Amino acid sequence: MKKVYPNKEVCIGCHLCEVACLTAHSKSRDVVIAYKQEKDALGLSPCKTVVHAGPACVALSCRHCEEPACVAACISGALTKNRETGRTEYDEGKCVGCWSCLMACPFGSIRRHPIKEKIVKCDLCAGRDIPACVEACPNWALVYEERGEK
Amino acid sequence: MAFTPIGKKYHDFQVVRDKDACINCQVCVRQCSYGVHTFDENRKCVVHDNSKCIGCHRCEALCPTDALLIQEKASDFKANACWRPEFIKYIYKQAETGGVLLTGMGSPVNIPVYWDRLLLDASQVTNPSIDPLREPMELTTFIGAKPDALAFEQTPDGPKLATKIGPQLRLKSPIMFSAMSFGSINFNLHIAMARAATELGIFYNTGEGGLHPSLYKYGANTIVQVASGRFGVHRDYLNAGGGIEIKVGQGAKPGIGGHLPGEKINAKVSETRMVPLGSDAISPAPHHDIYSIEDLLQLIFALKEASQYRVPVGVKIAAVHNVAAIASGIVRAGADYVAIDGMRGGTGAAPGMIRDNVGIPIELALAAVDQRLRDEGIRGQASVIAAGGIRCSADVVKAIALGADAVYIGTAALLAVGCTLCARCYTGKCPWGIATNDPSLAKRQNPDKAAKQMANLIRAWSHEIEEMLGGMGLNSIESLRGNRDKLRAVGLSQTELDILGVRHAGA
C-alpha cells in the first residue's frame with residue numbers, strides 16, 4: 001500500500017505539514033478559520049507531529065503498521081486494521097479514551113484529543129488523492145509512495 | 001527597538017503582517033535565520049523586529065496564509081541626487097564598525113545592461129524560418145582549440161581525418177553552471193549541479209573549493225578549478241573532471257582574492273579543501289606563481305601534463321579594461337578556452353566597493369575579446385565563454401551572436417533553487433539554504449528537488465534558444481556564433497556600436 005514516508009535528511013522543520021493536516025481535517029477546510037476558531041472551540045489538532053533534536057527534525061504520523069500494536073491494545077474496537085486497504089482505521093464513536101493505544105504505539109504517532117476523551121490519528125486523508133501533508137511539504141521531505149511493504 | 005542603536009534604525013525592510021490572516025503557526029519564526037520573527041509569550045502572538053530583516057522573502061514564501069509582505073522601508077531621507085540613501089547608510093555603518101562593507105551576489109548598480117539594447121533578427125519572406133519542433137535543430141557545442149584546417153588521407157575504407165583534434169568539452173546546450181565553490185554554497189547544491197549537468201549533457205564547475213570524492217562519479221560533466229589558494233588540488237582531482245580551469249579573476253571582485261570564513265569550514269569542507277577545520281580559507285589576490293603570460297603558460301602546460309593532455313585547460317579572467325589584450329595572451333599561452341566574467345557576476349562575498357566599481361560589463365568585454373582574437377587570427381585556437389549577468393535565454397543567444405561559444409550561469413542557477421538576491425551570502429546564514437553550511441539551513445536544499453529545478457531551467461532555455469534560432473532561419477548554434485549581423489542595437493552611441501561591432505536598428 002501507499003504510505004507517507006518522511007525523509008529526515010531534508011525535513012526543514014517548518015511544520016507546514018501540521019498546518020496542512022489540521023486544515024484538511026477541519027470542518028471549514030479554511031486554514032484561517034481552522035486555526036482561529038475550530039482549533040480552540042473544537043480542539044482541532046494535527047495528526048502530524050514534527051519533532052526536533054538539534055538540527056535534525058522529522059515529521060511523524062501513524063505508519064499504518066502491518067501488525068499494529070495500537071489495534072491489539074484497543075479495548076473498545078475503535079482501532080481496526082483494514083486488510084483490504086492496509087490502513088489502520090479509527091472509529092471515534094467507539095473510542096472510550098483509555099489511551100491504551102498511546103502507550104502501545106512504538107512511534108508516538110497517536111496523540112490525545114485536546115478536549116474530548118478521544119485520540120487523534122492519521123487517516124491518510126480519506127477523500128484526498130495525496131495526503132495534505134505531502135502536498136504541502138515545500139522540500140519534498142514527505143513522499144506518498146509504494147515501497148513494497150504491506 | 002527601544003534599545004536599538006540609531007544606526008540600525010535606518011534598516012532597509014519592513015515586515016507587514018496581516019493580523020487577520022496570521023494564524024500564529026510560527027512557520028516564519030522557524031524559517032527566519034536572522035531572528036526577525038519571534039513568538040511573544042506575553043502577547044501570545046508572533047511579532048517581528050524590522051531592523052533584523054534582510055529582505056530574503058523566505059517567510060513570505062512559506063507563510064501558509066499569505067499573511068506576510070516584505071517591503072522596502074518607506075522612510076525616505078530628504079531627496080538628494082548626489083547623496084543617495086545607500087551612501088548615507090554606508091557611512092553610518094562604517095562610522096559604527098570601522099570595517100570594509102561586505103556584500104554578496106552580483107552588482108545591482110545602474111550601469112547599462114547592453115543585452116537590453118540589443119535586438120535579434122528573424123526571417124521574413126526571403127529566407128525561410130525553421131520550426132524546431134518539426135525540423136532538426138543543433139545546440140551541441142564543443143569547447144576547446146579547433147584546428148585552422150582539416151587534412152584528410154585516403155585509406156582503403158575511404159577518406160579519413162588526418163588532423164589530430166585536441167581535447168574538447170562536448171555540451172548538449174551552450175550553457176554551463178558557473179564556478180561556485182563547495183564551501184561558498186553547500187554540498188547539497190553541488191550534488192544537485194553535478195546531477196543536473198550529467199542529466200543535461202553539460203558541465204558544472206567545482207569552483208576553487210575542490211571536489212569531494214563522492215562526486216567523482218559525475219567527473220565526465222565536471223570542470224575542476226585551480227585557483228590562487230590551490231584548495232583541494234591534487235593529482236586525483238585534476239584527473240577527476242572533463243576539463244580544468246585556472247581561475248585568475250572573478251567578475252564580482254576583479255583583482256582581489258577570496259576569504260571563506262572559518263565558520264563555513266565544516267568537516268566535509270575541510271576534507272575537500274584540505275584546510276584545517278574552522279580555519280579561514282584565504283585565496284590570495286594573485287596566483288603567486290603567475291606574474292606574466294609566460295608563467296601562465298607554464299601552469300597551463302603543467303596542468304596539461306598532469307592530466308596527460310586528455311582534457312582541455314581553460315583560463316577564467318574578470319572583464320577589466322585591457323581584457324582583449326589579456327585574452328590574446330592567454331590564448332597564445334596555450335589555453336583551450338578563455339572564460340570572461342563580467343562585472344555583474346555574482347560572489348559569495350566581496351567588498352561592496354569592489355563589486356560595484358571594478359570591471360566592465362560582459363557585453364563590451366566579450367565583443368572586444370572576440371574581435372581581437374579574430375583580428376589576430378587566433379580565434380580558433382580557443383573557445384570563449386561569457387559569464388556574469390546572463391539572465392535569460394535571449395541573453396545567451398545575444399552572447400553567442402557577439403562571439404561566445406558558450407555561457408556560464410551562476411546567479412540564474414541559484415535563482416532556480418530559490419535565491420532572492422538578498423546579497424547576504426557572506427553571513428553564512430542564508431535562509432534559503434544556499435550560501436550556508438549550517439546543517440539546519442543547508443538541508444533546505446533537497447538535492448533531488450534542486451537538481452530538477454536546475455535541469456528544468458536549462459531545458460526551458462534550450463527550447464527558447466531553438467525557437468529563436470529557428471526564427472532567424474538557423475538550424476545550428478554554430479551558425480550563430482559571432483554572427484553579429486543577427487544583432488541590431490537601439491539607443492547606443494557610435495562608440496558603443498563600434499565596440500560591440502553591431503549596427504544600429506534600422507541601419
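Start by selecting Arg195(B): at 29% relative accessibility it counts as partly exposed, a label for anything between buried (under 20% relative accessible area) and exposed (over 50%), using a 1.4 Å probe and protein chains only. Before moving on, some housekeeping: this is a predicted model, where local features need pLDDT of at least 70 and side-chain atom pairs count only at pLDDT 80 or more, while totals for chains, interfaces and linings use all residues. Residues are numbered from 1 along each chain as its sequence is written, chains are lettered from A and ligands numbered from 1 in the order in which they are written, and side-chain values use heavy atoms, with hydrogens and water left out.

Arg195(B) makes a salt bridge with Asp448(B), with the closest N and O atoms 2.8 Å apart; the term needs a side-chain nitrogen of Lys or Arg within 4 Å of a carboxyl oxygen of Asp or Glu. Arg195(B) sits in helix H5 (residues 187–200) of chain B and Asp448(B) in helix H15 (residues 447–471) of chain B, so the pair ties together parts that are 253 residues apart in sequence. Helices here are DSSP runs of H or I with at least four residues, strands are E runs of at least two, and both are numbered from the N terminus. Asp448(B) is partly exposed too, at 45% relative accessible area.

Next, pick Arg379(B) and Asp370(B). Are they buried or exposed? Both are buried, and their side chains meet in a salt bridge at 2.7 Å, N to O.

Then try Glu376(B) and Arg372(B), another salt bridge, at 2.5 Å from N to O. Glu376(B) is partly exposed at 26%, and so is Arg372(B) at 33%. Over all chains, the whole structure has 31 salt bridges.

Last stop: show the open sheet of 3 strands in chain B, ordered E6-E22-E23 with mixed pairing; two strands pair if DSSP finds at least two bridges between them. At the edges are E6 (118–120) and E23 (503–504) of chain B, each pairing on one side only. Now colour helix H12 (residues 393–402) of chain B, which packs on the sheet and touches E6 and E22 of chain B; contact means heavy atoms within 4.5 Å.

Terms used:
Axes are lines fitted to C-alpha atoms, for helices over the stretch in contact, and angles run from 0 to 180 degrees between N-to-C directions.
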